[in-house]
Amino acid sequence: MNMTTEIYKTLSSHSDEEKKIILPRFFKTGKGQYGEGDRFLGVTVPNIRKVAKSFNDISLEVIEELIHSPWHEMRMCALLILVDKSQSEVTKETFDFYLSQTNRINNWDLVDLSAPQIVGRYLLHKNRDILYKLAESDLLWDNRISIVSTLTFIRNHDLDDTYNLSIKMMHHRHDLMHKAIGWMLREAGKRDTERLYDFVREHKAIMPRTMLRYSIEKFDKETRKELMK
């Protein structure tokens, strides 16, 4: 039995019949939806994490095989293994590999569980032009990786790229991006409330409503009411 098959069997042993039904709906796998055609074994994230921990010594070649699986949980397992392998340091090889696979990091949970830990950590003390190129990509998942990666910068009190990318992608066509940008702005606001307030005041007339609501969630009721006008 090869390693990919072994991981598939291990993940399948944690399958839940109810989750098999719920997850495809939750992740919008219907025709024309953002997750169209994705397939689910019905495994929860905590169980995928357990499996990833037990196979974290696999090679990059096997990780690539997993990322190209039609099963959502196999791709997530691959990414969690990659994150685990990068705990001490994100290498250039890992960073380059990750960005070469973004068409397979193809749902919001896959991005959110991996982009800050891999892309964000790698770029923390480096040039970040690549994030602006990802923001201009035609691929939704590149765009989401661009903004969500800045969560690592935010946690290090480095907020400029979050705001710059938010402006750059302010008029994105997809609600998933409105939510992601709003989320990052909200996180930035936890570090500098006044800067977020000023930003929202300046841009609220053109911000998509979902983005606006997400970004001001932590403000008090009266401030939220004022900013939503």
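Welcome to a short tour of helix packing, starting with α6 and α8, whose crossing is left-handed. The model is a predicted one. A second pair, α3 and α5, crosses in a right-handed way, and α5 itself is largely enclosed by the rest of the structure, since 13 of its 14 residues are buried.

**The α6 and α8 pair**
- Helix α6 covers residues 92-100 and helix α8 covers residues 115-123; their axes come within 10 Å and cross at roughly 125°.
- That angle makes α6 oblique to α8.
- On the α6 side the contact is made by K92, T94, F95, Y98 and L99, while α8 brings A115, I118, V119, Y122 and L123.
- Sorted by class, this contact has eight nonpolar residues, one polar and one charged.

**The α3 and α5 pair**
- Helix α3 (residues 45-54) packs against helix α5 (residues 72-85) at an angle of about 55°, and their axes are 9 Å apart.
- The two helices, α3 and α5, are therefore oblique to each other.
- From α3, the residues V45, I48, R49, V51, A52 and K53 meet E73, M76, C77, L80, I81 and D84 of α5.
- By class, the contact of α3 with α5 has eight nonpolar and four charged residues, with no polar ones.

**A closer look at α5**
- Helix α5 has 14 residues and reaches 20 Å from its first C-alpha to its last.
- This reach of α5 is close to the 20 Å expected at 1.5 Å a residue.

Conventions:
Residues are numbered from 1 along each chain as its sequence is written. This is a predicted model: local features need pLDDT of at least 70, side-chain atom pairs count only at pLDDT 80 or more; totals for chains, interfaces and linings use all residues. Side-chain values use heavy atoms; hydrogens and water are left out. Axes are lines fitted to C-alpha atoms, for helices over the stretch in contact, and angles run from 0 to 180 degrees between N-to-C directions. Helices (H or I, at least four residues) and strands (E, at least two) are DSSP runs, numbered from the N terminus. Angles under 35 degrees count as roughly parallel, over 145 as roughly antiparallel, 65 to 115 as roughly perpendicular and the rest as oblique. A crossing is left-handed if the near helix is turned anticlockwise from the far one by less than a right angle, and right-handed if clockwise. Contact means heavy atoms within 4.5 Å. Ala, Val, Leu, Ile, Met, Phe, Trp, Tyr, Cys and Pro count as nonpolar, Asp, Glu, Lys and Arg as charged, and the others, Gly among them, as polar. The expected span of a helix is 1.5 Å times one less than its number of residues. Buried means under 20% relative accessible area, exposed over 50%, partly exposed in between (1.4 Å probe, protein chains only).
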